[in-house]
Amino acid sequence: MQVVIRSTKADASWLVAHMVASAIRENPSIVLGLATGRTMERVYEKLVQMHKEEDLDFSLARTFNLDEYIGLQPDNVNSYRYYMNHHLFDHINIDKRNTFLPDGMAEDLGVECGHYEKMIKKLGGIDLQLLGIGRAGHIGFNEPLSALQSRTRDKSLTPMTISENSGEFANPADMPRRAITMGVGTILEAKRLLVLVTGGTKAEILAKAVEGPITSMVSATAIQLHGNVQVVASDSAATLLTGREYYDWIFDNEPEWAEYR
Ligand code: F6R
């Protein structure tokens, strides 16, 4: 795992957008794993800008989102399908038929989850998975005690996640209590993980995820099991990391980071 700390949320988001763009340029038919949430908004804004100003080409890209609320229609403003269209897909040259999210309206959720797993495999697996971390320690909606080998399934959300996200709903009580999420095991099968964490409210959970013991109580600690992970954090999110001096040294000296310095 490599950890890169940038001074602001804007700088951290800029770096992640450039890393994603460089992966797309290297492999135009890339399979991207995408996340939603407030953290990713600036990343998508920057990718849209790069599409418009630098011809970043999404025409061959395929995408799979981590999760979707159960019971929201795709055109509901709080659905993750709506979020992705609004923040990214409507503004770039991606073929929407190549953009996949779990169907939270499926009659049989078990069948839908199995189908989602099969689609990921059919397209060759995820090349680059973007991740945020929730304050409950989740990646996707893998709430505490999610098995480290879990697969795509429906999950009940924790009170902390409900209180974190319900402010996004016009009527907070309308927030669904359940979601479909890729499993921790599904996420760990991606060839590369790129994690973005910003803001002081995430400092405690970031320190646990990166430097704490691996435990299903904090699903994000599972990223320590993966061999190709970059974590990008803002200064405010990185305050409780004990290894900062070493992380900064790697970024400042290792040749692979030269293009981003
Ligand atoms: C959403 C997702 C979640 C978020 C996490 C952080 O698709 O996968 O794990 O990344 O809840 O959300 P924000 O960025 O809103 O703090």
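Which helix gives the most to the lining of the second largest pocket? In this predicted model, local features were considered at pLDDT of at least 70 and side-chain atom pairs only at pLDDT 80 or more, whereas totals for chains, interfaces and linings use all residues. Residues are numbered from 1 along each chain as its sequence is written, and side-chain values use heavy atoms, without hydrogens and water.

Helix H7 (residues 203-211) gives the most to that lining, with three residues; helices (H or I, at least four residues) and strands (E, at least two) are DSSP runs numbered from the N terminus. A pocket is an open set of points on a 1 Å grid over the protein atoms alone where a 1.4 Å probe fits, with protein on both sides within 12 Å along at least five of seven lines, and lining residues have an atom within 4 Å of a point. The second largest pocket holds about 170 Å³, a volume being the space filled by probe spheres set on the points, which are joined across faces, edges and corners. Among its lining residues are Arg135, Pro144, Met160, Glu204 and Lys208. By class, this lining has six nonpolar, one polar and three charged residues, where Ala, Val, Leu, Ile, Met, Phe, Trp, Tyr, Cys and Pro count as nonpolar, Asp, Glu, Lys and Arg as charged, and the others, Gly among them, as polar.

The largest pocket has a volume of about 670 Å³. Its lining comprises 33 residues, and Thr36, Gly37, Arg38, Tyr80 and Asn165 lie nearest its centre. Two or more lining residues come from each of helix H2 (38-54), strand E4 (67-69), helix H3 (80-87) and helix H5 (159-165), with H3 giving the most, five residues. The lining has ten nonpolar, 15 polar and eight charged residues.

Around the ligand there are 13 residues, of which Thr39, Asp67, His138, Gly140 and Lys202 come nearest; a residue is counted if one of its heavy atoms lies within 4 Å. Polar contacts are pairs of N or O atoms within 3.5 Å. A polar side-chain atom of Thr36 is 2.8 Å from a ligand oxygen atom.

Asp55 is found in the loop between H2 and strand E3 (62-65), and Leu145 in the loop between strand E6 (128-131) and strand E7 (153-156).

Note on methods:
A polar contact is a pair of N or O atoms within 3.5 Å; within protein, one must be able to donate a hydrogen and the other to accept it, and residues adjacent in sequence count only if both atoms are side-chain atoms.
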